[in-house]
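This report goes through computed contacts in one protein–ligand model. It takes up charged pairs, then the ligand site, then backbone and packing details.

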Amino acid sequence: MTKFQERIFSGVQPTGTLHLGNYLGAIKNFVELQEKYNCIYCVVDQHAITVDQNPQELRSNILEVLASFIAAGVDYQKQIIFQQSSVPAHSQLAWVFNCVSRIGWLNRMTQFKDKAGKNKENVSVGLMVYPNLMAADILAYLATHVPVGDDQKQHLELSRDIAQKFNNDFGVDFFPQPEPLIYGSATRVMSLRDGNKKMSKSDPSDFSRILLTDDDETISAKIRKAKSDSELIPNTKDALQNKPECLNLINILAATTNQSVEQVLGNYAGKEYSSLKKDLADCLVQVISPIRKEINNLLDNRDELNVILAEGTEKAAAIANPVIEEVYRIVGFK
Ligand code: AQP
């Protein structure tokens with residue numbers, strides 16, 4: 001039995017138009033979870049500037065991510081959706097966590113290694129301490145569960161370490177240990193061009209990802225051109241071990257039709273990939289087309305989106321402010 005009330009927190013960076021990986025790995029689950037939990041969903045703009053952003057594009061992307069949440073089905077009246085930088089508690093707690101977290105822990109983060117690449121000495125300090133800010137995002141709300149794609153699992157573990165170290169260092173039982181919620185058949189959607197790389201907003205190839213704003217023709221063309229195989233579809237997942245692009249298409253079909261991978265293989269074994277691709281394209285058009293239309297409708301009324309953000313900020317700050325007050329008391333600022 002825990003003393004913490006169950007609460008969901010998750011965030012999405014406004015670094016570009018959202019893609020199928022963001023949808024299947026995170027936002028689709030946001031919508032399901034709101035039936036059972038109190039949820040807080042955040043447009044994490046402070047994370048976005050850990051790499052260079054064009055300010056005008058950033059401003060526009062913030063509203064686009066908000067519109068994508070709502071278009072996918074997040075209920076902004078019952079749940080909280082807001083913009084990270086509008087609630088100062090995130091930055092305030094992040095500074096405390098910068099002093100709790102250890103450099104050795106951050107050095108082990110694989111996403112930092114991937115993103116910094118050979119340029120480690122020349123990337124922003126923010127990119128390195130990103131997981132500390134992420135821990136602050138979650139723990140400013142004493143959130144207990146965090147729906148994320150598989151790529152964020154390591155950062156979630158770090159959030160747990162930070163919560164535990166804070167509690168131990170100050171002899172309190174103040175922060176919960178947030179649990180990752182990683183589920184569905186597509187917890188890591190891969191690039192359509194290279195099955196060893198995750199689908200990502202920052203991939204230079206447009207054909208590597210399906211966007212939530214792609215029109216029906218574009219979705220079909222991207223799936224048609226997706227890398228696959230000239231052999232027939234096998235009947236076991238094991239046979240796809242060295243064919244990550246093929247497995248990716250099967251995972252995506254399973255996730256969008258709420259089937260298991262085994263069920264999809266049962267239906268397509270012995271057929272050509274072109275037949276699976278055709279059904280997959282139809283299925284994605286059915287899922288994405290209404291979302292795209294709703295995103296466009298919502299973006300036609302930006303004033304209303306700004307009102308939604310302002311209301312979300314008020315509700316979020318009402319939870320986070322008392323938490324930061326108490327943290328300041330615990331660490332001795334007050
Ligand atoms: N390929 C993916 N498969 C499954 N889940 C994914 N997520 C991201 N990519 C995939 C999940 O989407 C949520 C929001 O992610 P984000 O936009 O905040 O950051 P990211 O993981 O860095 O996403 P991108 O697209 O790769 O952005 P860039 O290119 O800007 O870094 C998270 O829950 C994430 O797990």
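## Terms and basis

Buried means under 20% relative accessible area, exposed means over 50%, and partly exposed is the range in between, with a 1.4 Å probe and protein chains only. The model is predicted: local features need pLDDT of at least 70, side-chain atom pairs count only at pLDDT 80 or more, and totals for chains, interfaces and linings use all residues. Residues are numbered from 1 along each chain as its sequence is written, and side-chain values use heavy atoms, with hydrogens and water left out.

## Salt bridges

A salt bridge is a side-chain nitrogen of Lys or Arg within 4 Å of a carboxyl oxygen of Asp or Glu. Under this rule the model has 15 salt bridges. One of the pairs is Lys222 with Asp214, whose closest N and O atoms are 2.7 Å apart. Both ends of this pair are buried: Lys222 has a relative accessibility of 4%, and Asp214 has 8%. Elsewhere, salt bridges that share partners link Asp229, Glu231 and Lys243 into one network.

Asp206 and Arg209 also form a salt bridge, at 3.2 Å from N to O. Here Arg209 is buried at 7% relative accessible area, whereas Asp206 is partly exposed at 49%. Lys28 and Glu32 make a further pair, with 4.0 Å between the closest N and O atoms. These two residues are four apart in helix α1 (residues 20-33), so about one helical turn separates them. Lys28 is buried, with a relative accessible area of 16%, and Glu32 is partly exposed, with 40%. Helices (H or I, at least four residues) and strands (E, at least two) are DSSP runs, numbered from the N terminus.

## Ligand site

Which residues are closest to the ligand? They are His19, Lys115, Asp151, Lys201 and Ser202, out of 22 residues that surround the ligand.

A ligand nitrogen lies 3.1 Å from a polar backbone atom of Gly21. A ligand oxygen is 2.6 Å from an N or O atom in the side chain of Asp151. For the side chain of Ser200, the distance from an N or O atom to an oxygen atom of the ligand is 2.7 Å. The ligand has 650 Å² of accessible area on its own, and the protein covers 97% of that. Accessible areas come from the Shrake-Rupley method with a 1.4 Å probe; for residues, only the protein chains shown count as cover.

The ligand sits in the largest pocket. The elements giving two or more residues to the shell around the ligand are β1 (7-12) and α1. A pocket is an open set of points on a 1 Å grid over the protein atoms alone, with protein on both sides within 12 Å along at least five of seven lines. A molecule sits in a pocket if more than half of its atoms lie within 2 Å of its grid points.

## Backbone angles

Most residues other than glycine have a negative phi. Leu142, which is not a glycine, has a positive phi of about 50 degrees. Leu142 is in the loop between α7 (125-139) and β4 (145-147). Asn258 is not a glycine either and has a positive phi of about 55 degrees. Asn258 is in the loop between α10 (244-256) and α11 (261-268), and is exposed, with a relative accessible area of 61%.

Thr256 belongs to helix α10 and is buried at 12% relative accessibility. The side chain of Thr256 reaches the backbone oxygen of Ile252 at 2.6 Å.

In helix α7, is Ile138 buried or exposed? Ile138 is in that helix and is buried, with a relative accessible area of 1%. Ile138 and Ile162 are 24 residues apart along the chain, with 11 Å between their C-alpha atoms. Val129 is also found in helix α7, and is partly exposed at 25% relative accessibility. Val129 and Asn98 are 31 residues apart in sequence, and 7.3 Å apart in space from C-alpha to C-alpha.

Conventions
A residue is near a molecule or strand if one of its heavy atoms lies within 4 Å of it. A polar contact is a pair of N or O atoms within 3.5 Å; within protein, one must be able to donate a hydrogen and the other to accept it, and residues adjacent in sequence count only if both atoms are side-chain atoms. On a 1 Å grid over the protein atoms alone, a cavity is a set of points where a 1.4 Å probe fits but cannot get out, and a pocket is an open set with protein on both sides within 12 Å along at least five of seven lines; lining residues have an atom within 4 Å of a point.
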